[in-house]
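User: Could you take a close look at one part for me, the place where the two chains meet, and then walk me through what lies behind it?

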Amino acid sequence: MNDSFIEMDACQMTKDGMRICGDVFLMERHAASGRIVATLSDGMGSGVKANVLATLTAGMGQRFVLSDADVKKSAEVILNTLPVCRERKISYATFTLADIRTDGTVNLIEYDNPPTLWIRDGAVRKIERTKEHLNRKDAFRPEVLRSAACTLLPEDRLVFCSDGVVQSGMGTAAHPLGWRMEGFERFLEELVRGNPEISAGDMALRVVRRAMANDGYRARDDISCVVAYVRRPRKLLLATGPPFERDWDTQLAGRLAGFKGRKVICGGTTASIVAREWNRPLHVNLKNRTDEVPPSANLEGVDLVTEGMLTLGKTAEILESHKTVSPEETNAAEHLAALLRESDEVSFLVGTRINEAHHNPTLPIELGIRRTLIERIRRSLETLYLKKTDVMYV
Amino acid sequence: MRTVTVTVCTGTACYILGGSELLTVKEKLPKRYSKYIILQGSSCMNRCGERSEKNRPPYVSVDGEIYGGVDMERLVELIMEAVGGDVC
C-alpha cells in the first residue's frame with residue numbers, strides 16, 4: 001500500500017423539483033496521518049429540512065470519527081441532537097461513516113444506509129458486520145448500528161450510496177421493487193470488469209446516471225454515490241506562466257518532457273516557449289471554445305494546452321462549485337477540471353515573469369493574479385478532492 | 001480572387017478584448033466569401049504588451065500580416081480586400 005493512493009470522490013443528484021440535496025457527503029484527509037474520514041448522510045424528507053438534518057449528522061460524524069470517540073456513544077449523541085420534525089414528530093437521518101487508513105484498513109459504521117460494498121477483481125466481496133442496538137430513550141423504533149472492517153489492497157474499491165440509488169426505478173416495469181442491491185451490485189461488477197481502471201469520480205457519476213435513467217430521468221429521491229479506489233497515483237504536471245529568467249525556458253521544456261504522467265500547459269506564451277524549445281508545431285483547436293473560455297490547442301507530447309488566466313479562473317470556479325465534470329466535457333476549463341480530478345498528485349510549475357499585457361487598464365478586474373489562481377485551485381484539490389499537490393515557482 | 005488565411009489570437013488579452021467575437025467572422029461575411037477563408041487560432045502572437053492605437057489587442061493576421069486593435073468591421077474589410085476580385 002506504500003506507493004498507493006486512495007482516491008475518493010462522490011456524485012450527487014438532487015430530487016426532482018428540489019433546489020437543495022437532502023443527502024450530504026463530507027470527506028477530509030487528516031494532514032498528519034493521511035487517514036481519510038468520510039460521511040454520507042441522508043436526512044429525512046427532502047429539500048432544506050433534509051439537508052439540515054444530514055449536514056448536522058455528517059458534520060458531527062466527521063468530528064467524532066476523527067477524535068476516535070466511542071462509536072455507540074457518538075451515534076447516540078448525533079441522533080439525540082437532531083431537531084424533531086414538526087410534522088412527523090421524529091428526528092431522523094441515516095449515515096455511513098468510513099475511516100480509511102493509509103495501510104488500507106477500513107472501519108465502517110452504518111446506520112440505515114444501504115450496505116457499503118467492497119469490490120476486488122471485478123466482484124463484490126462480503127464484509128462481515130456486527131450489529132449493536134442503541135438504547136436511546138427517545139427512540140421511536142429500535143435503532144441498530146452496523147460496524148464492519150476490511151483491509152483494502154491496491155485496485156480494491158469501496159462503494160456506498162444513499163437509498164435513492166437502490167430504490168431508483170421503483171414502480172416501473174423494469175424495476176417494480178426498485179434497482180435493489182442486486183441490480184446495483186451487478187452494475188458495479190460489470191462496470192469494473194469492462195473498465196478496470198475507472199476512476200472513483202467516473203464510477204460514481206455512472207452510478208448516478210444509471211439511477212437517474214431508472215427513475216426516467218427525474219430523480220424521485222436524492223441520489224448519492226461515493227467511491228473510494230486504491231490505485232497507483234496518477235500524476236499530473238501543470239506548467240503555467242513563463243519563467244522569470246529567460247534562461248529557464250529550456251529547463252521548463254525539459255521538465256515537461258521528462259515528466260512521467262499527464263502534462264498540461266496553461267498559457268499561450270508558455271505553450272509557445274515549449275513548442276519553440278521542442279521544435280514542434282502548436283495548433284489551436286477552434287472547436288471547443290465558449291465566450292468565457294478560449295479554445296485549447298494541440299502540442300504533441302502534452303495532454304492539454306489551454307489559454308492561461310481565463311481558463312484557470314474558470315477551472316477554479318468549476319472545482320470550487322464541486323460541479324460534476326465528465327471526461328467528455330468539451331471546453332478547455334471543463335477538460336482541465338476533469339483531468340485534475342482524475343489525477344492524484346498534481347505538481348504546479350508556475351512562471352513568475354510579469355505579462356505586461358495583463359496590466360492593461362481596459363482588461364476586466366476579474367482577471368486574476370496567476371499565483372492567487374493557482375493557490376485557489378490547489379486549495380480546492382486538497383480540501384474538496386483530497387489530492388496531493390506541490391508547487392514550484394520559477 | 002484567392003484563398004486567405006486568417007489567424008485570430010486567442011491569448012488572454014486578445015480573447016477578452018474582442019478576439020472571441022472575431023472567431024465568428026465567417027458568420028459576418030457575405031456567404032460567398034466563406035470558401036476563400038482558412039480561419040485558425042494562435043495561442044499568442046506576443047504583441048499584446050503594446051498599447052498604441054493600432055498596436056493593441058486583439059491581434060489578427062491576414063496572410064501573415066499582423067493587425068492590432070481589430071474589430072469585426074475592420075476584419076471583414078481586411079478579408080474582403082485580401083480575397084479581392086469579384087466573388088460570386
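Analyst: **The A–B contact**

Chain B puts 18 residues into the contact and chain A puts in 22 residues, where two residues are in contact if their C-beta atoms, placed from the backbone, lie within 7 Å. Bear in mind that this is a predicted model: local features need pLDDT of at least 70, side-chain atom pairs count only at pLDDT 80 or more, and totals for chains, interfaces and linings use all residues. Residues are numbered from 1 along each chain as its sequence is written, with chains lettered from A and ligands numbered from 1 in the order in which they are written.

On chain B's side, α1 (12-22) and β2 (37-42) of chain B each supply at least two residues. (Helices are DSSP runs of H or I, at least four residues, and strands are runs of E, at least two, numbered from the N terminus.) The largest share of that side, 6 residues, is from α1(B). By type, the side of chain B that touches chain A splits into 8 nonpolar, 9 polar and 1 charged; Ala, Val, Leu, Ile, Met, Phe, Trp, Tyr, Cys and Pro count as nonpolar, Asp, Glu, Lys and Arg as charged, and the others, Gly among them, as polar.

Now for chain A itself. It has an open, antiparallel sheet of 6 strands in the order β2-β3-β4-β5-β9-β8, with strands counted as paired if DSSP finds at least two bridges between them. At the edges sit β2 (23-29) and β8 (129-134) of chain A, each pairing on one side only. β2(A) runs antiparallel to β3 (residues 36-43) of chain A over 7 bridges, and Met27(A) stands opposite Ala38(A) in β3(A).
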